[in-house]
Amino acid sequence: MSDAPEGMAWVPPGEFAMGSEDFYPEEGPVRRVAVEGFWIDREPVTVAEFRRFVKATGHVTVAERPLEPDDYPDADPEMLVPGSLVFRPSRGPVDLRDFRNWWEYVPGTTWQRPDGPASDTYTRGRHPVTQVAYEDASAYAAWAGKALPTEAEWEYAARGGLSGAVFAWGDEFAPGGQMMANTWQGEFPWQNLLADGYAGTSPVGSFAPNGFGLHDMTGNVWEWTCDLLNGDHTAQSPCCGPSESGEHIPRRVIKGGSHLCAPNYCLRYRPAARQFEAIDTSTGHIGFRCVQRAA
Ligand SMILES: [Ca+2]
């Protein structure tokens with residue numbers, strides 16, 4: 001296709017085996033799914049791109065707005081101030097069943113100050129934007145004349161034309177010793193060995209593209225899709241994706257894993273992997289990319 005929208009790649013129509021039965025129960029069963037062809041961003045939306053959107057529209061993200069006490073009946077009133085979730089590594093091994101051992105709600109955390117009010121994004125213009133809730137991602141997509149992908153579109157794109165492979169590039173995590181994505185090596189959440197060179201997010205496009213020419217479909221940041229969680233998985237505890245929200249807040253599927261996904265805790269840097277995030281939650285490891293469908 002020669003008339004590619006800027007920064008986007010064409011994913012041809014096709015049918016694929018979606019899901020996996022080899023890892024976590026929420027990924028199965030494997031089923032045949034057909035998708036139409038569509039355009040998809042080659043990279044996650046960056047901080048610089050999101051800044052252009054905010055300047056053009058005056059958009060105020062969910063993390064920057066006061067919280068409604070009625071939505072959080074169990075919350076400490078002092079926590080109902082604008083802010084977001086920041087990852088804090090522990091000093092040593094902790095109970096992996098309690099995400100409060102590494103997530104902290106930090107007032108003043110925003111997409112421009114993703115690690116708390118003292119942080120900034122001056123050198124992170126090419127990093128994926130984070131600290132965006134589903135509504136923020138949707139608003140960006142609408143402004144750009146695009147949409148958020150369905151889970152099927154996202155997974156099909158992430159597979160890059162490979163059939164049933166574990167990873168977006170094949171079945172081996174680091175073929176020939178080469179790191180293919182920004183994940184977490186070592187024991188989460190305290191020992192980050194940095195074999196891939198990055199603690200936290202990395203500039204988009206730092207790792208090799210998949211078969212469709214797409215970067216960062218694996219790791220770096222989880223990405224919002226527009227699929228709502230159906231009832232079957234509501235009891236499931238969130239992986240590295242925590243939520244301060246009540247159970248009545250709808251959840252959407254996020255895909256791709258992040259820089260916080262480690263083999264001892266969250267082997268979810270795979271196309272089939274999925275988690276479910278409350279739509280009002282933002283963290284330093286969730287971002288998004290957009291699609292454009294044929295009219
Ligand atoms: Ca890393």
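Which residues in helix 1 meet which residues in helix 2? I looked this up in a predicted model, in which local features need pLDDT of at least 70, side-chain atom pairs count only at pLDDT 80 or more, and totals for chains, interfaces and linings use all residues. Residues are numbered from 1 along each chain as its sequence is written, and side-chain values use heavy atoms, without hydrogens and water.

**Helix contact.** I found that Glu49, Phe50, Arg52, Phe53, Ala56 and Thr57 of helix 1 meet Asp136, Ala139, Tyr140 and Trp143 of helix 2, contact being heavy atoms within 4.5 Å. By class, I noted six nonpolar, one polar and three charged residues in this contact.

**Faces of helix 1.** I recorded Val47, Phe50, Phe53 and Val54 as buried (under 20% relative accessible area). Seen down the axis, these buried residues fall within an arc of 120°, so they line one face of helix 1. They pack against helix 2. On the other side, Arg52, Lys55 and Ala56 are exposed (over 50%).

**Calcium ion.** I listed the protein donors as Asn182 (OD1), Thr183 (O), Asp196 (OD), Asp196 (OD) and Tyr198 (O), at 2.3 to 2.6 Å from the ion; donors are N, O and S atoms within 2.8 Å of the metal (3.2 Å for Na, K and Ca). Thr183 is buried, at 1% relative accessible area.

Definitions and conventions: Helices (H or I, at least four residues) and strands (E, at least two) are DSSP runs, numbered from the N terminus. Ala, Val, Leu, Ile, Met, Phe, Trp, Tyr, Cys and Pro count as nonpolar, Asp, Glu, Lys and Arg as charged, and the others, Gly among them, as polar. Buried means under 20% relative accessible area, exposed over 50%, partly exposed in between (1.4 Å probe, protein chains only). The arc is that of the directions from the helix axis to the C-beta atoms.
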